[in-house]
Amino acid sequence: MRAPAYRVPEIGEDTPALRARLQEIWETPPGLKGWLVTTDHKEIGLRYIVTAFLLLIVGGIEALVIRLQLAGPNLHLLTPDQYNQLFTTHGMTMIFLYASPILSGFSNYVWPLMFGSRDMAFPRLNALSYWVYLFAAFFLYAGFVVGAGPNAGWFNYVPLAERPYNPGINEDFYAIGMIFLGISVTVGAANFIVTFFKTRAPGMAINRVPIFAWGTLTASVANLVVIPAVSLAFFLLWMDRQFGTHFFSAAKGGQPLLWQHLFWLFGHPWVYAIVLPAMGMVSDALPVFCRRPLVAHTLVALATVAVMILGFGVWVHHMFATGLPGLALSFFSTASIAITVPSAVTVFAWIATIWLGRPVITTAFLFFASMIVLFVIGGVSGFMTASVPVDWQLTDTYFVVAHLHYVLIGINVFPVVGATYFWFPKFTGKLMGERLGRWNFWTMFAGFNLGFLPMHLTGLLGMPRRVYTYPDGMGWDWLNLITTIGSFVFAVGVLLFVINVWISYRKGAPAGDNPWDAPTLEWATPSPPPPYNFAVIPTIASRHPLWEDRLQESEGRSCLSRGMTLDQGKEALSTTALDADPDRILEMPEDTSAPLLLAIGMTILFIGMLALSWLTIGIGVLACLGALLLWLWPRRDLREREPAPRVAHG
Amino acid sequence: MSGAPLSYLTASGPRAAYTAPLTWFMLVVSILVCVIVTVLVWIAARRARAAGGASETASVPVERGADGFPWVKWGLVLSAIPLFISLIWTMAALAKVAGPPTVTGLAIDVTGHQYWWQATYDGTGPGQAFSTANEIHIPIGVPVLVRLHGADVIHSFWVPQLAGKTDTIPGQNNVTWLQADRPGRYRGQCTEYCGLQHANMAFEVVAEPRDRFEAWRAHQAAMAPAPADDTARFGQVVFAHRCASCHMVRGTPAAGTKGPDLTHLKDRRLIGSGVLPNTIGAVAGWVQSPQAVKPGSTMPNQHLSGPELNAVSAYLETLK
């Protein structure tokens with residue numbers, strides 16, 4: 001291999017001529033073809049966000065039907081089979097198809113803008129991860145739509161999910177669909193990790209990175225480590241079901257607990273993966289409304305990483321009742337209690353930021369500030385379940401249902417809705433309505449707490465989870481009725497949000513580049529940003545490039561109006577991992593249909609696996625190979641036969 | 001909370017009693033933390049300079065602000081104290097409640113089936129072993145060892161007022177233990193999702209003084225009496241034909257093991273894993289159409305003729 005060539009990048013001013021040139025280079029052609037082949041991170045990010053929100057609404061409607069069934073004792077709106085498919089699909093939808101993809105969407109859109117970069121590190125991989133997510137979502141829903149949805153819970157314990165106890169095709173949809181979806185998460189995670197370390201603007205050293213990026217980074221590292229465990233588990237399950245292997249069947253020497261280890265080894269880090277980026281949103285956006293930097297920025301970043309590391313060592317707290325030895329339980333109990341410490345760092349940093357700042361009450365602020373309270377409620381109930389003897393009583397009761405909804409709605413949905421109010425102006429160039437926003441917030445907040453706060457008591461009074469109905473005389477009747485009412489109020493709140501998005505999108509007030517006077521780089525671009533994001537690559541001198549004059553944090557000043565122009569093609573800059581010194585000039589790929597074709601090939605392959613049709617599997621494999629060939633074929637105009645040129649210093 | 005039979009805030013045995021105060025402690029700490037944080041956020045937000053939207057936000061000047069590190073430091077110190085207490089208490093309680101005591105007063109084998117509980121008692125002598133279903137009798141005041149087995153899928157054995165949950169897992173021998181300090185009926189429930197009728201997989205633990213327990217055990221070990229009248233005798237014939245491949249009645253040729261042992265069916269308070277009272281009408285309804293009561297239960301509808309159903313009900317009434 002030849003040594004990389006050196007090139008002195010051109011330094012220039014941000015001029016209209018430069019912008020016109022870049023626009024021509026970076027623009028995706030309009031129309032359907034452009035829509036199918038684009039690799040623009042902003043377009044992909046928005047698709048992720050819209051798809052995930054639609055699935056949130058679908059999962060929410062499922063929840064409302066479930067709540068109708070549970071509104072009183074002995075109701076028979078649903079058959080047990082319908083109920084089981086509904087609660088399984090609800091969990092699958094919210095955890096896999098909403099909570100993680102929505103954060104990927106925001107990260108996809110915001111990261112390169114925050115980093116002063118022109119795109120993600122691997123734009124084609126980015127497109128692939130979206131298409132696979134979309135097709136896997138259809139795949140996972142296909143069974144449900146035809147009445148054969150997964151029915152063994154999202155956690156899918158064996159032997160219940162094994163063929164003797166689950167002979168239909170229901171679980172095959174789930175097993176194969178989850179392997180499929182895992183591909184999307186894996187390539188997305190790899191992309192985020194490389195993007196984080198290699199594409200930050202010059203000068204954005206590791207200690208200047210916004211917390212949101214830390215959240216998505218740690219989540220991505222976790223996903224990369226643990227997705228193989230769950231994909232393997234589902235693959236083994238599929239083998240058990242289709243080919244009579246006995247990985248999980250005790251009668252033939254298999255081990256049912258193996259499933260639980262593989263699943264929770266993935267499942268618990270995944271929980272952190274779907275809250276840490278959302279916590280990062282609050283850490284970055286809340287200070288904007290407090291008109292000061294985040295308190296203890298470095299500690300909060302470290303706490304994010306610490307939560308994730310500890311998060312690898314707590315999975316057995318889902319398995320306290322499985323008869324494991326006491327010593328093992330003590331270890332996992334201690335780790336689960338210890339994880340409270342970094343979480344407390346973050347909470348006190350947030351509270352101090354409000355207390356020591358000059359808060360401005362906006363809808364986004366309300367969502368972020370209330371999230372602190374919901375986070376703590378979800379946190380302390382988690383702390384209770386971390387204690388083994390207490391958990392032996394709490395586990396598998398509605399106490400845990402309340403806990404996990406405070407975690408998922410409190411720490412994911414509330415920040416995400418707040419983040420939408422915050423970044424919507426960047427996405428669309430229009431502000432969201434604040435008056436409707438207040439109604440939106442208070443309805444969601446009241447409905448959520450009305451629904452889920454009493455549910456803790458339902459659990460303490462012993463109501464088990466995953467029951468399609470319950471007898472009267474157990475002391476749960478009125479609590480369940482309140483929860484059902486609360487869930488409908490919450491749904492009205494979500495509806496108000498959707499209406500607000502629609503109205504604001506149609507006729508919101510113009511936002512300008514930086515409506516909130518926020519400090520990070522995405523606000524230095526026009527709203528919505530042009531396809532190339534930045535005409536010149538900015539150079540960064542502090543954590544808050546747009547607040548530098550007022551904060552006086554550092555001696556140097558970030559430079560946004562003059563920098564590398566990189567306009568000899570579709571070019572972006574790669575920098576070193578820690579200090580973000582300019583390293584190489586990246587030739588970014590053109591728009592291409594290869595990711596879409598590869599995703600279609602995979603879909604055919606997985607349909608073949610579902611139908612056990614070797615012909616279809618063969619066609620799928622060939623389609624994938626063809627798409628990969630198209631993808632990887634080196635093109636001279638992209639200089640893909642040569643190493644990327646290094647940036648010459650001097 | 002007498003109106004909540006599955007509430008574990010009421011303890012009636014030492015295992016639950018060791019756990020309940022820890023639960024209360026953690027609950028109170030948790031509520032306090034929530035209240036404190038809510039108040040802090042509320043007060044902090046009340047100091048707002050402005051309210052509105054983008055222009056109001058941008059009009060408030062940005063400043064570096066005071067150093068917030070003491071907040072984090074003191075927050076950590078203050079939260080470490082209850083955390084540490086909880087951790088120590090957890091380990092202490094775990095040591096008390098986890099392992100079964102070395103000396104137990106009785107050992108029972110309990111097997112979780114879709115969707116009922118089988119309890120097998122070792123006999124006091126040859127021919128004295130027996131199985132019963134969904135009603136587990138124990139003597140008060142002594143620890144009772146419960147060996148847990150999984151017949152099909154994973155279930156979880158839970159009697160909240162006596163002890164926390166332990167799963168019954170196929171291929172794995174789990175143990176738990178119960179001790180009741182007071183006589184009474186304690187409701188139990190399967191708490192690991194196990195399929196269509198997971199919701200209706202309840203049982204009862206009946207704790208009674210030793211002498212009454214021994215009398216119960218002796219009675220359970222006895223064979224079923226032969227039916228005395230013609231209707232019941234016809235019922236036994238129908239039973240042998242229609243029910244015996246799944247159900248056992250000791251002392252008769254009926255020796256099925258898929259379903260509950262019915263030798264002393266009428267001695268139990270409830271049928272169908274806690275869903276129906278043990279009356280003649282409820283039993284007849286259950287026998288004829290269990291799928292109407294518990295859709296997806298492993299027992300099929302029987303489609304007996306009127307006289308057959310009548311006879312089977314009369315026969316079952318003799319299984320006292």
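1. Two strands pair if DSSP finds at least two bridges between them. Helices (H or I, at least four residues) and strands (E, at least two) are DSSP runs, numbered from the N terminus. By these terms, β3(B) and strand β4 (residues 130–133) of chain B pair in the antiparallel sense over four bridges. Within that pair, B:Gln118 stands opposite B:Ala133 in β4(B).

2. On conventions: this is a predicted model, in which local features need pLDDT of at least 70 and side-chain atom pairs count only at pLDDT 80 or more, while totals for chains, interfaces and linings use all residues. Residues are numbered from 1 along each chain as its sequence is written, and chains are lettered from A and ligands numbered from 1 in the order in which they are written.

3. Strand β3 of chain B covers residues 116–121, and five of its six residues are buried (a residue is buried if 20 or more other C-beta atoms lie within 10 Å of its own, exposed if 12 or fewer, and partly exposed in between, with C-beta atoms placed from the backbone). β3(B) also pairs with strand β2 (residues 106–113) of chain B, in the antiparallel sense and over six bridges. β2(B) and β3(B) make a hairpin, with two residues between them. B:Gly112 is placed opposite B:Trp117 of β3(B).

4. Chain B also has an open sheet of three strands, ordered β5-β11-β10, with mixed pairing. β5 (135–139) and β10 (184–189) of chain B are at the edges and have a single partner strand each, so one side of each is left without a neighbour in the sheet. On average, neighbouring strands of this sheet are turned by 25° against each other, direction ignored. Here axes are lines fitted to C-alpha atoms, for helices over the stretch in contact, and angles run from 0 to 180 degrees between N-to-C directions.

5. Within this sheet, β5(B) pairs with strand β11 (residues 202–208) of chain B in the parallel sense over five bridges. B:Ile138 has B:Ala207 as its bridge partner in β11(B). Helix α4 (residues 210–221) of chain B packs on the sheet and touches β5 and β11 of chain B, with its direction at about 135° to that of β5(B).

6. How is chain B divided into domains? The division gives domain 1 (8–41 + 69–98), domain 2 (106–221) and domain 3 (230–317); domain bounds come from an automatic or database domain assignment. The C-alpha centres of domain 1 and domain 2 of chain B lie 31 Å apart. Their contact takes nine residues from domain 1 of chain B and 12 residues from domain 2 of chain B, where two residues are in contact if their C-beta atoms, placed from the backbone, lie within 7 Å.

7. For chain A, the domain assignment gives domain 1 (9–25 + 32–72 + 81–274 + 525–593) and domain 2 (293–513). The centres of these two domains of chain A, taken over C-alpha atoms, are separated by 21 Å. In their contact, 44 residues of domain 1 of chain A meet 43 residues of domain 2 of chain A. On the domain 1 side, the elements that give two or more residues are α3 (41–69), α4 (80–114), α7 and α8 (256–273) of chain A. The residues of that side divide into 28 nonpolar, 14 polar and two charged. In this classing, Ala, Val, Leu, Ile, Met, Phe, Trp, Tyr, Cys and Pro count as nonpolar, Asp, Glu, Lys and Arg as charged, and the others, Gly among them, as polar.

8. Helix α7 (residues 211–243) and helix α9 (residues 276–290) of chain A pack at an angle of about 175°, their axes 7 Å apart. α7(A) and α9(A) are therefore roughly antiparallel to each other (angles under 35 degrees count as roughly parallel, over 145 as roughly antiparallel, 65 to 115 as roughly perpendicular and the rest as oblique). Residues making the contact include A:Trp214 and A:Ala219 of α7(A) and A:Met279 and A:Asp284 of α9(A). By class, the residues of this contact are eight nonpolar, five polar and one charged.

9. The contact between the chains takes 84 residues from chain A and 84 residues from chain B. Helix α12 (residues 340–355) of chain A gives the most to the chain A side, with 12 residues. That side has 55 nonpolar, 20 polar and nine charged residues. Strand β3 (residues 360–361) of chain A and strand β1 (residues 50–51) of chain B pair in the parallel sense over two bridges, and A:Ile361 stands opposite B:Ala51 in β1(B).
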